[in-house]
Amino acid sequence: MYKRQGGHYVKRQLALAHVIFNLFVEIGAFFLLLPMLPWAVAAFGLSDPLYSLVAFHSVFNLIGLTVFIPLLRPYSAWIGRRFDGRDVAQPSLLGLPVDVPDAALLATARLLKKMRTDAAVLSLQTFNIKARELQLPTPIIEELQGAETPQLSLENRYQAIKHMESELLAFSMDLQAQPLTPQQVALLSRQGAEARAIVYSSKTLKDIRHNLLSMRESVLPAVKDLYQQHRSHVQRFYQQLLERSTNAQPEVTRAAADEDSLLAMLADNEAQLQATNAAVRDIAARDLITGSELSNMLNVNREMHHAIKSLLTQT
């Protein structure tokens with residue numbers, strides 16, 4: 001029944017937690033407190049049935065809370081494993097017909113949107129950034145939270161994105177055999193290019209995650225600061241990128257605003273590369289780390305730059 005309910009999975013977790021708590025408290029009240037009710041009513045001098053009912057309800061809720069407080073941490077962890085987002089139906093192109101190109105392109109657009117969301121979550125997860133840290137409209141935050149799935153590793157998340165790309169490309173090849181308009185051909189080409197950029201960006205971040213972890217756990221403040229620069233850049237990038245999807249301006253104005261925003265984000269990405277390389281040169285000048293560590297940090301700077309640039313040039 002809970003899996004058939006719509007909405008964000010956190011709402012279903014909350015509903016399940018509420019039902020289980022009330023179920024146990026009600027059972028305990030029925031078997032333990034109900035036999036004591038006449039004695040309690042007489043002891044407190046309650047003659048009004050309504051007051052007796054309110055008192056009984058308040059007492060067994062208080063006792064229930066007292067019993068549950070020591071169990072709160074394991075109970076929360078158990079609830080957190082229910083409806084963690086993996087049971088939500090994912091868009092799929094398997095078995096869909098291609099003889100109606102407009103409908104087929106809508107299906108590919110839905111799958112590409114899912115790829116964008118999962119890639120954003122992978123990038124944020126790499127830097128331990130939660131969706132709630134972004135200042136975005138509630139629907140976008142809930143969409144990201146629905147894809148966060150804490151139990152899913154970066155490797156498994158990347159493989160899921162890669163699988164969606166393979167599905168999209170195979171479907172696109174079948175669709176290209178249909179008579180398409182030039183606009184439909186162009187849209188299909190853009191979708192394929194964006195899917196490849198998403199996979200490239202996701203793989204790049206996945207491959208440098210161990211270097212990022214070493215930087216985050218470094219005992220050197222300068223190295224930790226470099227990691228924080230990358231983290232802040234990723235958070236700022238997705239804040240701006242996802243804000244573009246909520247732009248409600250008229251089409252011509254929106255196109256101009258998107259172009260300006262894209263140019264600004266590309267410039268910011270270039271400035272980030274220059275700033276992080278300068279930080280590495282400063283670390284090297286002070287002889288704080290070895291040559292191999294310097295090489296790894298320069299590689300992280302370059303890969304971070306390429307991962308974000310590939311998304312900006314194809315979205």
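Axes here are lines fitted to C-alpha atoms, for helices over the stretch in contact, and the angles between their N-to-C directions run from 0 to 180 degrees. The model is predicted, so local features need pLDDT of at least 70 and side-chain atom pairs count only at pLDDT 80 or more, while totals for chains, interfaces and linings use all residues. Residues are numbered from 1 along each chain as its sequence is written, and side-chain values use heavy atoms, with hydrogens and water left out.

**The whole chain**

Of its 315 residues, 39% count as buried, where buried means under 20% relative accessible area, exposed over 50% and partly exposed in between, with a 1.4 Å probe and protein chains only.

**Helices α5 and α8**

Next select residues 101-126, helix α5, together with residues 182-207, helix α8: their axes come within 10 Å and cross at roughly 20°. The two helices are therefore roughly parallel to each other (angles under 35 degrees count as roughly parallel, over 145 as roughly antiparallel, 65 to 115 as roughly perpendicular and the rest as oblique). Show side chains where they meet, including Leu105, Leu112 and Met115 in α5 and Leu188, Ala195 and Ile198 in α8. By class, this contact of α5 with α8 has 13 nonpolar, six polar and three charged residues; Ala, Val, Leu, Ile, Met, Phe, Trp, Tyr, Cys and Pro count as nonpolar, Asp, Glu, Lys and Arg as charged, and the others, Gly among them, as polar.

**The nonpolar core**

Now select Met115, Leu144, Ile161, Met215, Phe237, Tyr238 and Met297, the residues with the most contacts inside the largest nonpolar core, which has 60 residues (a set of buried Ala, Val, Leu, Ile, Met, Phe, Trp, Tyr and Cys residues joined through side-chain atoms within 4.5 Å). Helix α5 gives the most to this core, with 11 residues. Centre on Tyr238, which, leaving aside neighbours within four places in sequence, is in contact with Ala119, Ala120, Ser123, Leu124 and Leu311, contact meaning heavy atoms within 4.5 Å.

**Arg216**

Finally, go to Arg216 in helix α9, a residue that is partly exposed, with a relative accessible area of 27%. Beyond neighbours within four places in sequence, Arg216 is in contact with Asn128, Lys224 and Tyr227.

Key
Helices (H or I, at least four residues) and strands (E, at least two) are DSSP runs, numbered from the N terminus.
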